[in-house]
Amino acid sequence: VIFDGYVVLDGLLTAEECDQLRCRMADIVDGMDVPEHCRITFSTDNDQLKDQGNADYFLTSGDKIRFFFEKGVFDDKGEFTVPRERSLNKVGHALHAHEPLYKKMTHSPQVQGIAKKLGLQSPVILQSMYIFKQPGIGGEVTPHQDATFLHTTPLGRVMGLWVALEDATEDNGCLWFIPGTHNSGISRRMVRTQEGYPLTNFVGQEQAYDDDKFVPAPVKKGGVVLIHGQVVHRSAPNTSDNSRHVYTFHLMETEETRWSPENWLQPTEELPFPALYTT
């Protein structure tokens, strides 16, 4: 049981396994095609076009491997202002399906063992992301609950696994939690809109949280943080000289669970949510 809404476990991966995942990601980034909407020249007229491109690209990324950039890494001609490997915020959302190394890690005996110990009977993998938290420019992630974006009925059916591929420290942007907030429900949801732009909207309000209540959760390379879908968490900007690479994915217990058809993320014909307890 995750009493505080999260728990840090050491040694899910070896250092070598972490390095293999990082090397593979470096190859993926090397060969990436930068999406057209990122290259749109910045002007007032083009802002809406760019926003719509971003929204479409995000909303259709659930069954694909796509690239999401930090702010300010393109100039007004759409060229990189930083080395391309330093430009990315994250890659998502189906590494677990399309990349053999990530698929193997996601379905590993260790991950399956954690899920079984937590009593998950028929878990599926919802999404996966590689998060870079770039040195100096890795942006803040504001306080949120994962169930805002990945909503189920009943609540409490979603768990994140956040795997540190490098040491995550208070200096380079580790996670911070408010212990016990997984028992308080949610106050805000992101839902698909029925028509037109924007493609998603927030319903309800994010609560104001007391900064003093957040507790840091540093984790060593190879460790994992288990994250209850309703626990409030955030991460600070990375102001250090070190990156904070992470592979993270979400599981959902499907037994007597309804996945909201209003969630941004939906299973597709090409990629139904895959069962965890397979190879």
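**Note on the strands and aromatic rings**

1. Tyr 130 is buried, with a relative accessible area of 0%. Buried here means under 20% relative accessible area, exposed over 50%, and partly exposed in between (1.4 Å probe, protein chains only). Phe 132 is buried as well, at 3%.

2. On the source: this is a predicted model, where local features need pLDDT of at least 70 and side-chain atom pairs count only at pLDDT 80 or more, while totals for chains, interfaces and linings use all residues. Residues are numbered from 1 along each chain as its sequence is written, and side-chain values use heavy atoms, with hydrogens and water left out.

3. Aromatic pairs. The whole structure holds 13 of them. In the pair Tyr 130 and Phe 132, the ring centres are 4.9 Å apart and the planes stand at 50 degrees, so this pair is tilted. The rule: rings of Phe, Tyr and Trp (its six-membered ring) pair if their centres lie within 6.5 Å; planes under 30 degrees apart are stacked, over 60 edge-to-face, the rest tilted. Tyr 130 and Phe 132 belong to one aromatic cluster with Tyr 102, Tyr 247 and Phe 249.

4. Charges over rings. The charged end of Arg 188 sits over the ring of Phe 202, 4.1 Å from its centre. Arg 234 lies over the face of Phe 214, at 4.6 Å from the ring centre. This requires NZ of Lys or CZ of Arg within 6 Å of the ring centre and within 35 degrees of the ring normal.

5. Strand S7 (residues 158-164). Of its 7 residues, 7 are buried. In a regular strand the side chains alternate between the two faces of the sheet. Both faces of S7 are covered: Val 158, Gly 160, Trp 162 and Ala 164 are buried on one side, Met 159, Leu 161 and Val 163 on the other. Strands are DSSP runs (E, at least two residues), numbered from the N terminus.

6. Partners of S7. Strand S14 (residues 246-253) runs antiparallel to S7, joined by 7 bridges. There, Ala 164 has Val 246 as its bridge partner. Strand S12 (residues 224-228) also pairs with S7 in the antiparallel sense, over 5 bridges. Gly 160 stands opposite Ile 227 in S12. Two strands pair if DSSP finds at least two bridges between them.

7. An open sheet. Its 4 strands follow the order S5-S13-S8-S11, with antiparallel pairing. S5 (141-144) and S11 (215-217) stand at the edges with a single partner strand each, so one side of each has no neighbour in the sheet. S5 is joined to S13 (residues 233-235) by 2 bridges. Val 141 has Ser 235 in S13 as its bridge partner.
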